[in-house]
Amino acid sequence: MELFVAQIITGLANASSLFLVACGLSLIFGVTRIVNFAHGSLYMLGAYIGYSLMQVLPGAFGFWGAILLAGIAVGLVGVLVEMLVLRPVYRAPELFQLVATFGVILVVQDLALIIWGPEDLLGPRAPGLRGVYRIMGEPIPKYDIVLLLITPFIALALWYLIARTRLGVLVRAATQDREMVGALGVNQAWLFTGVFALGSALAGLGGALQLPKGGADLLMDFNILAPVFVVVVIGGMGSLPGAYLAAIIISVLNVFGVTYLPQSTLVLMFVVMIVVLMIRPYGLFGREEVAGEHGQVGEPELPIKPASPNVRMIVAAGLIILALLPLYGSSFSQVLATDILIFCLFAASLHFLLGLGGLVSFGHAAYYGGGAYVAALLVTHADSPMELAFLLAPLGAGLAALAIGWVCLRLTGVYFAMLTLAFAQLLWSLVFQWGDVTGGDDGLVNLWPADWLNDTTVYFYFTLLFAVGGILMLRHVAHSPFGYALRAARDSQRQAESTGIDTRRVQLLAFGFAGLMGGLAGALFVFSKGSVFPNELEIARSFDALIVVFLGGVKTLAGGVVGGAFFKGVEDILTRFEYWRLVMGFLIIFVVILAPEGIAGSMRKLVRRLQSSKTGGSQ
Amino acid sequence: MTVVLETKGLTKSFGGLVAVDDVSFQLHKGELLALIGPNGAGKSTCFNMLMGQLKPTAGEVFLQGENVTGLTPRRIWRKGVGRTFQITSTYASMTVIENVQMALLSHNGEVFRFLSFAHKRYREEAMALLDMVGMAEQAERHCAVLAYGDLKRMELAIALAHDPALLLMDEPTAGMAPKERVALMQLTSDIVADRGVSVLFTEHDMDVVFSHAHRIMVLNRGALIAEGTAADIRNSELVQEVYLGGGTLFSAEEDAHA
């Protein structure tokens with residue numbers, strides 16, 4: 001009983017930071033409709049800035065002042081990010097902005113590394129709150145009690161701001177219908193900036209507040225991201241009371257999980273999220289998203305056509321040059337080409353879902369890593385020959401995709417995306433924590449291809465065959481009746497349903513097919529490296545694919561492949577430098593701003609413009 | 001005369017509000033039947049029940065004698081019902097002809113084919129349909145750039161793709177210029193005459209209703225209050241009262257002045 005109470009108190013104290021970060025994210029999403037992936041980075045900045053300030057400012061006043069100032073400073077960073085990075089891309093296609101925020105993550109990561117160095121910083125204890133209180137005999141850190149007491153006040157202040165002030169009225173109105181707010185003469189640009197600043201400040205505050213408990217390190221950004229998304233989704237996007245309640249649920253659950261089921265802490269959170277979304281598809285306090293409410297921004301997508309003979313010739317020539325690589329390239333270049341090919345297939349499989357189906361999967365690594373692990377587990381535990389494992393891996397991934405898709409397709413929009421992310425995280429945590437079977441963090445090793453394939457050049461050809469084959473197959477299906485039905489379901493579900501197309505079945509099958517292809521990429525990967533680790537399933541891997549697809553061009557068939565080839569290539573060059581993330585982040589932000597239709601889309605536009613100027617602009 | 005569509009006591013209530021109250025009617029083969037009524041009369045609710053978007057609280061819908069109450073829109077479409085929407089609903093990323101081909105692919109059960117090229121399937125049939133609605137020369141245009149009136153005509157071609165026995169048109173001329181309205185309804189009534197399709201449509205434009213409908217039903221507060229030819233409806237005092245108000249307020253005022 002005593003332990004029980006103590007644990008609830010610890011959980012409530014932990015909920016404090018989580019709540020602050022989550023409600024910032026929720027606010028930003030509600031008003032601007034931007035899924036701000038960089039929110040974890042703002043939290044991390046808050047911790048670092050708070051730490052630095054605490055070194056200079058003395059005493060209790062300095063401690064609390066530093067926390068407050070850290071919040072304000074991060075709020076200002078938020079203003080910068082909003083004005084410089086996000087403003088230019090508000091008119092870009094839906095969800096494109098999240099790629100920009102990913103660029104911000106990379107930039108912040110390296111900036112923090114440059115300024116504060118690679119070592120973890122131990123947060124200073126709060127002056128005067130160093131000891132513990134004894135509650136029913138159990139020691140509770142004094143700082144926890146303080147946090148526990150502060151949080152409701154912050155929540156109340158926020159509630160007052162949102163429910164009682166003019167700014168709050170505007171924010172709530174914009175959450176419901178931002179076009180109407182604009183039509184009523186409210187300057188949306190400043191409203192967005194203001195909300196982004198407030199959300200960022202809350203994240204910074206959250207980061208600084210947890211310093212005495214957790215310190216500051218460079219992994220904070222991604223570590224907080226998953227729980228924050230879970231909290232926001234469980235509470236309902238845009239709802240503050242929801243975020244508060246969900247933060248408490250998750251934190252308390254986590255504390256209990258650590259005590260009673262230490263192997264399952266990571267899994268637990270996602271299980272709760274999945275259960276909540278199954279019962280309440282829009283979170284505890286969320287509101288149903290009306291389809292098409294936010295409108296399709298950007299130009300409508302052009303009709304697709306099979307490649308013209310000219311394009312086919314170019315592609316064939318390119319493939320021949322690639323196939324001759326072993327004649328003129330080093331062994332290293334073959335390994336690199338193998339990596340790029342695998343990644344292109346992975347990106348193309350996501351593009352199939354995202355571009356043609358309009359199904360934004362945030363957790364596509366589940367199928368890539370899933371396929372890799374199916375193959376690896378078969379070889380490790382069942383001694384299966386490599387060829388068999390290689391064939392079964394895509395099937396396993398495809399089946400997993402069917403099962404996950406079956407659940408996720410009940411939801412739409414951001415909730416759909418979040419649920420796919422949750423499933424991917426679920427798989428990741430399973431693999432990470434079920435060490436006996438999966439090797440946990442140590443991964444599975446010694447997974448070499450069969451003897452006849454065990455040679456860099458031969459494996460390069462093997463990959464070329466399957467990756468190019470897979471990409472061509474994905475592309476062909478896009479032109480088949482099924483691919484058309486998938487686009488029909490995306491363009492107008494209403495028309496499709498009332499002309500006899502079972503849109504959910506079409507989408508589910510597309511999910512399975514994309515998962516199959518992702519699994520194929522994963523199987524190619526595992527035998528090219530000879531090992532697999534849980535990071536093939538993690539959020540960052542899913543984001544890699546997302547970014548590549550968006551930057552390549554969602555609305556162009558070649559988008560996934562073009563983006564995959566370009567960014568894998570660039571990444572390989574950049575990772576040789578120390579601060580490659582900084583450069584990569586700026587590069588991503590740059591492409592987002594300059595080419596909002598992606599590389600392939602912008603190239604196509606350029607070609608068209610050249611063509612029409614050649615014909616004297618006769619059109 | 002063959003009855004194509006029949007409803008018996010069709011009722012839909014949302015909580016305490018009875019949106020459609022005990023509506024029974026028949027639609028005969030080759031007939032152009034209009035369903036009119038003031039805003040909020042229950043026309044769209046009625047339509048959505050016929051098409052399967054809403055489940056009736058009570059009552060039944062028969063299609064050529066077969067009970068289709070509560071079936072999904074997909075199933076009802078398969079039974080030979082085409083529909084057009086009040087606000088056009090089209091596949092914006094496809095060309096005009098591909099929009100029609102999509103319906104033909106579905107009709108021929110080819111949605112789950114992976115090998116053939118979709119744009120090569122049923123081109124001639126699609127072209128014939130587009131020709132019928134006067135859209136043949138625009139077949140290869142991107143549907144997102146079409147004028148609204150052309151979109152409506154394309155939607156009509158889609159609705160006719162599976163050679164339906166019944167066509168449900170929800171405010172077919174909404175959002176169109178007056179000249180286009182007349183043209184679209186003329187086209188529709190020609191198709192009714194040529195193909196023997198039966199049409200049920202709702203409409204707010206009385207010119208369109210009175211010049212094309214064979215028969216008119218008037219819905220008010222969920223109940224059918226009148227039914228008959230254009231002349232019957234025009235002369236019905238009840239209908240005039242519903243549309244123009246009974247003038248009771250004015251006459252009361254006059255009484256007071258007198």
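User: How many residue pairs in polar contact does the rule find across the interface of chain B and chain A?

Analyst: In this predicted model, the rule finds 19 residue pairs in polar contact across the interface of chain B and chain A, with both residues of each pair at pLDDT 80 or more. Helices α2 (73–78), α3 (96–107) and α5 (148–159) of chain B each supply at least two residues of the side that touches chain A. Helix α3(B) gives the most to that side, with five residues.

User: What makes the pair B:Arg74 and A:Asp502 a salt bridge?

Analyst: The closest N and O atoms of B:Arg74 and A:Asp502 are 3.4 Å apart. The rule asks for a side-chain nitrogen of Lys or Arg within 4 Å of a carboxyl oxygen of Asp or Glu, so a pair that meets this limit is called a salt bridge. The B:Arg74 and A:Asp502 pair is counted as one, and the interface of chain B and chain A holds two salt bridges.

User: Which residues supply 22% of the area that chain B buries against chain A?

Analyst: The area buried between chain B and chain A is about 3,000 Å², and carbon and sulfur atoms give 64% of that area. B:Arg74, B:Tyr91 and B:Phe114 supply 22% of the part that chain B buries, more than any other three residues. The contact takes 35 residues from chain B and 31 residues from chain A.

User: Why are β4(B) and β5(B) said to pair?

Analyst: Pairing needs at least two bridges between the strands, so two bridges are enough. β4(B) and β5(B) have two bridges, in the antiparallel sense. B:Leu63 stands opposite B:Glu66 in β5(B).

User: What are the bridge counts for β1(B) with β2(B) and with β4(B)?

Analyst: Strands β1 (residues 3–14) and β2 (residues 17–28) of chain B pair in the antiparallel sense over eight bridges, with B:Leu27 in β2(B) as the bridge partner of B:Leu5. Five bridges join β1(B) to β4 (residues 58–63) of chain B, also antiparallel, and B:Thr11 stands opposite B:Ala58. Two residues lie between the strands in the hairpin of β1(B) and β2(B), where B:Gly15 takes a positive phi near 60 degrees.

User: Why are β2 and β5 of chain B at the edges?

Analyst: The open sheet has four strands in the order β2-β1-β4-β5 (chain B), with antiparallel pairing. β2 and β5 (66–67) of chain B each have a single partner strand, so one side of each is left without a neighbour in the sheet.

Methods
Residues numbered from 1 in each chain as written. Chains lettered and ligands numbered in written order. Predicted model: local features only at pLDDT ≥ 70, side-chain atom pairs only at ≥ 80, totals over all residues. Heavy atoms only, no water. Contact = heavy atoms within 4.5 Å. Buried area = accessible area lost by both parts, 1.4 Å probe. Polar contact = N/O pair within 3.5 Å; in protein donor to acceptor, adjacent residues only side chain to side chain.
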